[in-house]
Amino acid sequence: MRERLDKVLAHLGLGSRKEIARLARAGMIAIDGQIIRDVSHKFDPSASRIEIDGEHVIYQTYFHLLLNKPAGYVTSTKDHDGAPITELIPEEHYRDDWMPVGRLDKDTEGLLLLTTDGMLAHRLTHPRWKVAKRYYAELEEPASQEDINAFAAGMELQDEKLQPAELEICQDQRKVELVIREGRYHQVKRMFEARGNRVLYLKRVKFGPLELGSLGTGEAKELSAAEALALYAEVGLKADIPDELN
Ligand code: URA
């Protein structure tokens with residue numbers, strides 16, 4: 001689809017429309033090898049080579065950012081009871097159309113995905129797709145085989161019937177890993193509460209095929225092409241990844 005030069009470059013996070021107009025006037029923008037000074041110039045960004053000051057810029061329709069959330073940050077920008085996670089986004093990844101995929105409580109740490117693709121976000125959070133979320137938790141009381149059985153059977157929380165969940169207990173039985181396939185409000189904490197226990201520390205370590213890897217607390221990184229492909233495949237979507245990133 002043909003789009004205006006300034007719209008395309010703003011979408012790629014290369015500056016405000018004003019800054020882009022300045023770059024264009026200075027003759028720093030080339031499309032398919034031709035200097036373009038008119039920001040209203042229309043072209044198909046996914047079929048053209050874009051260069052800024054001689055550097056090739058890869059066009060992407062959607063962006064995805066993996067965040068290792070520290071405690072103390074709130075996922076929703078409407079919740080004013082803490083610093084918003086948007087404060088953790090490095091300047092080079094700043095954009096105003098990031099959507100968090102699901103939520104982590106203020107005191108929960110770990111893997112939080114942000115995307116600009118609404119359909120992807122919708123599917124990843126919809127119970128129909130049963131995307132696995134793995135949490136590491138530290139508990140007040142040791143976990144037991146009965147907890148494993150209760151979670152595996154799919155427990156009832158108030159009137160909600162949960163999907164079967166897998167609980168693994170570490171040598172120190174107050175430390176566990178739990179895989180759930182939906183994302184209800186305070187789900188992990190409520191599951192343990194229903195078993196007469198309490199979560200003292202909670203961290204999401206895996207979301208579908210995504211893992212934190214070496215990403216430090218408070219750090220963010222763009223998904224690699226392989227990670228994005230795996231994520232889209234998880235919810236039956238075809239990823240729109242530029243060849244250059246594959
Ligand atoms: N379950 C919870 O209780 N809290 C979270 O932040 C995520 C899952």
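## The second largest pocket

Let's start away from the ligand. The residues lining the second largest pocket split into eight nonpolar, four polar and four charged. That lining has 16 residues, and Leu12, Gly13, Leu14, Val57 and Phe63 are the ones nearest the centre of the pocket. Strand E6, residues 55-57, supplies the largest share of the lining with three residues. As for volume, the second largest pocket comes in at about 310 Å³. Keep in mind that this is a predicted model.

## The largest pocket

Now for the main site. The largest pocket holds about 570 Å³ of space. It is lined by 26 residues, with Arg103, Leu104, Asp105, Arg184 and His186 closest to its centre.

By residue type, the lining of the largest pocket is made up of nine nonpolar, eight polar and nine charged residues.

## Who sits around the ligand

The ligand takes up the space of the largest pocket.

## Polar contacts and cover

What does the ligand pair up with? One of its nitrogen atoms is 2.7 Å from an N or O atom in the side chain of Asp105. Asp105 is also one of the residues closest to the centre of the largest pocket.

An oxygen atom of the ligand is 3.2 Å from a polar backbone atom of His186, and an oxygen atom of the ligand is 3.5 Å from a polar backbone atom of Gln187. On its own, the ligand has 240 Å² of accessible area, and the protein covers 96% of that.

How values were computed
Residues are numbered from 1 along each chain as its sequence is written. This is a predicted model: local features need pLDDT of at least 70, side-chain atom pairs count only at pLDDT 80 or more; totals for chains, interfaces and linings use all residues. Side-chain values use heavy atoms; hydrogens and water are left out. A polar contact is a pair of N or O atoms within 3.5 Å; within protein, one must be able to donate a hydrogen and the other to accept it, and residues adjacent in sequence count only if both atoms are side-chain atoms. Accessible areas come from the Shrake-Rupley method with a 1.4 Å probe; for residues, only the protein chains shown count as cover. On a 1 Å grid over the protein atoms alone, a cavity is a set of points where a 1.4 Å probe fits but cannot get out, and a pocket is an open set with protein on both sides within 12 Å along at least five of seven lines; lining residues have an atom within 4 Å of a point. A molecule sits in a cavity or pocket if more than half of its atoms lie within 2 Å of its grid points. Grid points are joined across faces, edges and corners, and a volume is the space filled by probe spheres set on the points. Ala, Val, Leu, Ile, Met, Phe, Trp, Tyr, Cys and Pro count as nonpolar, Asp, Glu, Lys and Arg as charged, and the others, Gly among them, as polar. Helices (H or I, at least four residues) and strands (E, at least two) are DSSP runs, numbered from the N terminus.
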